[in-house]
Amino acid sequence: MKALFTILLCLSLSLVFFTHMTYAQTLPEMILVEGGTFQMGDEWGLGDEDELVHEVTLRSFSISKTEVTVGQYKRYCSESGVRMPNPPNWGWIDSHPMVNVSWFDAVNYADWLSEKTGKLYRLPTEAEWEYAARGGKHSAGYKYSGGQSLPLVGWFGDNADGKTHPVAQKRANEPGIYDMSGNVWEWCSDWYGDYPSSAVSNPRGPSSGSDRVLRGGSWDGSAVYCRVSDRLYYDPSGRDGSGGFRVVLSQ
């Protein structure tokens, strides 16, 4: 009888652990990025005029280890009553990054996550995004996030076979963050505009504008767009099969 009770107890604890782990996997895992000062912009001379090099100082923050996945976004939709957007050509695959989300969709997801956890989640500022992509205080100065060879660290037009791929399959960057070069473009909180010409601390971008910033390149683009300093802008209400997001947690 005692042996049977022990077996049943072990099975019960295993079920609780499995349920907890399954539940936890539907929320983003966060990576701490220690604050510091860096040179933001295109120091290699490979980009456009809007990548002016300037000094930025940031406080510490945490950023999601991967782009928000389809599985994570599905949970949000299920619990909030929001409809999933139209699927991409390859369909919805839980381990892939979420796509076809507008800037407003991404903000609403972060707001839901904040309400659910009691912590302040939001989209990264453009400066936070680039600092994290570069590796933060541990940066090795790579052109792409995690290395000099894009095929080793990201999915882009030359190796993605016309679709997104499961997150965290390529090499992580120095703090352990995945897919910041390639897979999908990522929404930032900033309005798009010119960089300041002097040093700034914790910048949040222009106070107004017509387009929001995206970063990182994607599965359907060339390598030049996957550089850590490259910038893209888009209508915040727009949705695209190459656009997704990740979230930040303020310290």
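# Helix packing and core in a predicted model

User: Glad to look at this one with you. Which residues touch the most other members of the largest nonpolar core?

Analyst: Of the 22 residues in that core, Tyr73, Tyr109, Leu113, Trp187, Phe245 and Val247 touch the most other members. H2, H3 and strand E6 (185-191) are the elements that give two or more residues to this core, and H3 gives the most, with six residues. Do keep in mind that this is a predicted model.

User: Happy with the angle. Which residues meet where H2 packs on H3?

Analyst: From H2 come Gln72, Tyr73, Arg75, Tyr76, Glu79 and Ser80, and from H3 come Asp105, Asn108, Tyr109, Trp112 and Lys116. By type, the residues of this contact divide into four nonpolar, three polar and four charged.

User: Which residues of H2 are buried?

Analyst: Val70, Gly71, Gln72, Tyr73, Arg75, Tyr76 and Cys77 are buried in H2. Just after that helix, Gly81 takes a positive phi of about 80 degrees.

User: How do you know that Leu113 counts as buried?

Analyst: The cut-off for buried is under 20% relative accessible area. Leu113, in helix H3, has 1% relative accessibility and therefore counts as buried. Leaving aside neighbours within four places in sequence, Leu113 is in contact with Leu27, Pro28, Tyr121 and Val247.

User: How far apart are Leu113 and Val247, along the chain and between C-alpha atoms?

Analyst: Along the chain they are 134 residues apart, while their C-alpha atoms are separated by 9.6 Å.

User: Now to Ser114. Is this residue buried or exposed, and why?

Analyst: Ser114, also placed in helix H3, has 14% relative accessibility, so with a cut-off of under 20% it counts as buried.

User: What makes the approach of Ser114 to Lys119 a polar contact?

Analyst: A polar contact needs a pair of N or O atoms within 3.5 Å, one able to donate a hydrogen and the other to accept it. The side chain of Ser114 reaches the backbone oxygen of Lys119 at 3.2 Å. Leaving aside neighbours within four places in sequence, Ser114 is in contact with Lys119, Leu120 and Tyr121.

User: Let's finish with the loop between H5 and E6. Why is Ala168 called partly exposed?

Analyst: Ala168 is found in the loop between helix H5 (150-153) and E6. Partly exposed lies between the buried cut-off, under 20%, and the exposed one, over 50%. With a relative accessible area of 31%, Ala168 is therefore partly exposed. Ala168 has a positive phi of about 65 degrees although it is not a glycine.

User: And what makes Asn183 buried?

Analyst: Asn183 lies in the loop between H5 and E6. At 0% relative accessibility, Asn183 is under the 20% cut-off and so counts as buried. Asn183 has a positive phi of about 75 degrees, although it is not a glycine.

Terms used:
Residues are numbered from 1 along each chain as its sequence is written. This is a predicted model: local features need pLDDT of at least 70, side-chain atom pairs count only at pLDDT 80 or more; totals for chains, interfaces and linings use all residues. Side-chain values use heavy atoms; hydrogens and water are left out. Contact means heavy atoms within 4.5 Å. Helices (H or I, at least four residues) and strands (E, at least two) are DSSP runs, numbered from the N terminus. Ala, Val, Leu, Ile, Met, Phe, Trp, Tyr, Cys and Pro count as nonpolar, Asp, Glu, Lys and Arg as charged, and the others, Gly among them, as polar. Buried means under 20% relative accessible area, exposed over 50%, partly exposed in between (1.4 Å probe, protein chains only). A nonpolar core is a set of buried Ala, Val, Leu, Ile, Met, Phe, Trp, Tyr and Cys residues joined through side-chain atoms within 4.5 Å.
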